[in-house]
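Good morning, and thank you for coming. Please look at the sequence and the structure as I place them before you.

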Amino acid sequence: MMHPGVIWGLFGFWCPLVRLFGPSAAVPFGHDLTVPEALANTREDGMGALYREGTASLLNSMVNNRFPFTTQEVKDAFGAALNSGDDGAAAAQARLFKKANEGHVIRQN
């Protein structure tokens, strides 16, 4: 949300998450959630956190080659947490993404 120009430059500001994470990304919110909506969602459960932090991690992975996860790793981890159907798994993945987004995870080569 701090750099809307980056979002626009990468894939258009109102890009739906299904275009980035696949069709299952629409399920928890019941519609084609956009990137800004995912970043600004106020759900307090694990899924809400997964969407906020996972979307931020995806953007970070696209613009920062020092980000600890590749874009594909973010997509895979997001999908695994989402498809688990377990709010605890979503929350755990969201916490890891949040640490990475805040610079508290070191890239393993």
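How much space lies in the second largest pocket? About 170 Å³ lies there. Before I go further, two remarks on the source are in order. The model is predicted, with local features needing pLDDT of at least 70 and side-chain atom pairs counting only at pLDDT 80 or more, while totals for chains, interfaces and linings use all residues. Residues are numbered from 1 along each chain as its sequence is written, and side-chain values use heavy atoms, with hydrogens and water left out.

Let me define the pocket. On a 1 Å grid over the protein atoms alone, a pocket is an open set of points where a 1.4 Å probe fits, with protein on both sides within 12 Å along at least five of seven lines; lining residues have an atom within 4 Å of a point. The volume is the space filled by probe spheres set on the points, which are joined across faces, edges and corners. The lining of the second largest pocket is made up of N60, N64, R66, F67, P68, A100, N101, G103, V105, I106 and R107. By class, this lining holds 5 nonpolar, 4 polar and 2 charged residues. Here Ala, Val, Leu, Ile, Met, Phe, Trp, Tyr, Cys and Pro are nonpolar, Asp, Glu, Lys and Arg are charged, and the others, Gly among them, are polar.

I turn now to the aromatic rings. The structure holds 4 aromatic pairs, that is, rings of Phe, Tyr and Trp (its six-membered ring) with centres within 6.5 Å; planes under 30 degrees apart are stacked, over 60 edge-to-face and the rest tilted. One of these pairs is F21 with F78, which is stacked at 3.8 Å centre to centre, with 15° between the planes. F21 belongs to helix α2 (residues 17–21) and F78 to helix α5 (residues 71–84), so the pair links parts of the chain 57 residues apart. Helices are DSSP runs (H or I, at least four residues), numbered from the N terminus.F78 also pairs edge-to-face with Y51, at 5.1 Å centre to centre and 75° between the planes. Because Y51 lies in helix α4 (residues 46–63) and F78 in helix α5, this pair ties together parts that are 27 residues apart in sequence.

The largest nonpolar core has 29 residues, and L17, F21, L50, Y51 and F78 have the most contacts inside it. Such a core is a set of buried Ala, Val, Leu, Ile, Met, Phe, Trp, Tyr and Cys residues joined through side-chain atoms within 4.5 Å. Helix α4 gives the most to this core, with 7 residues.

Finally, Q93 in helix α6 (residues 87–101) is buried, with a relative accessible area of 16%. Thank you for your attention.

Note on methods
Helices (H or I, at least four residues) and strands (E, at least two) are DSSP runs, numbered from the N terminus. Buried means under 20% relative accessible area, exposed over 50%, partly exposed in between (1.4 Å probe, protein chains only).
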